Amino acid sequence: MSDTKRLQGALKDLLKILKEEKEVLVKNDALSLEKIVARKNEMVAIIREEQEKGVLPDEAVRSYAMEIEKLQEVNQLLTRQALSFQEEIFKALSKNTAVKHNTYSKEGSMNRTKEVSIIDQSV
């Protein structure tokens, strides 16, 4: 197999993986995402190896690269959105973890106790 064909094959496989990744990100399936990232890293290693050999890109390689770039951008946006959503959920659930009550200790001084619950129970 020529080096250009191997590069095209790797890019085509990476494109398929990125499409799967997009579906998994939309479904918010973290277990599947971990497997996909491992496969994606394998493809990136092959592509990097071909680039280091000095393989010259043809029109098909450029076309795959453009599609990959667009899909990778979409996947990054979906990832950021999912992280932002999870951070907001965590903030909403744990906003009540600050110093909660002032009480007196055995010595008669003020004690501040903390609630360590991650769930906001102040309904």
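I read along the sequence and found the pattern α-α-α-β-β. That is three helices and two strands. Helices (H or I, at least four residues) and strands (E, at least two) are DSSP runs, numbered from the N terminus.

I noted that this is a predicted model, where local features need pLDDT of at least 70, side-chain atom pairs count only at pLDDT 80 or more, and totals for chains, interfaces and linings use all residues. Residues are numbered from 1 along each chain as its sequence is written, and side-chain values use heavy atoms, with hydrogens and water left out.

Next I looked up the helix pair. The axes of α1 (residues 3-27) and α2 (residues 30-53) come within 9 Å and cross at roughly 160°. Therefore α1 is roughly antiparallel to α2 (angles over 145 degrees, on a scale from 0 to 180 between N-to-C directions). Axes are lines fitted to C-alpha atoms, for helices over the stretch in contact.

I sorted the residues of this contact into 14 nonpolar, one polar and 10 charged. Asp, Glu, Lys and Arg count as charged. Ala, Val, Leu, Ile, Met, Phe, Trp, Tyr, Cys and Pro count as nonpolar, and the others, Gly among them, as polar.

Then I picked E50, which sits in helix α2. Is E50 buried or exposed? E50 is buried, at a relative accessible area of 0% (buried means under 20%, exposed over 50%, partly exposed in between, with a 1.4 Å probe and protein chains only).

What does E50 touch, leaving aside neighbours within four places in sequence? I listed D3, R6, L7 and V55. Contact means heavy atoms within 4.5 Å.

How values were computed: Parallel < 35°, antiparallel > 145°, perpendicular 65-115°, else oblique.
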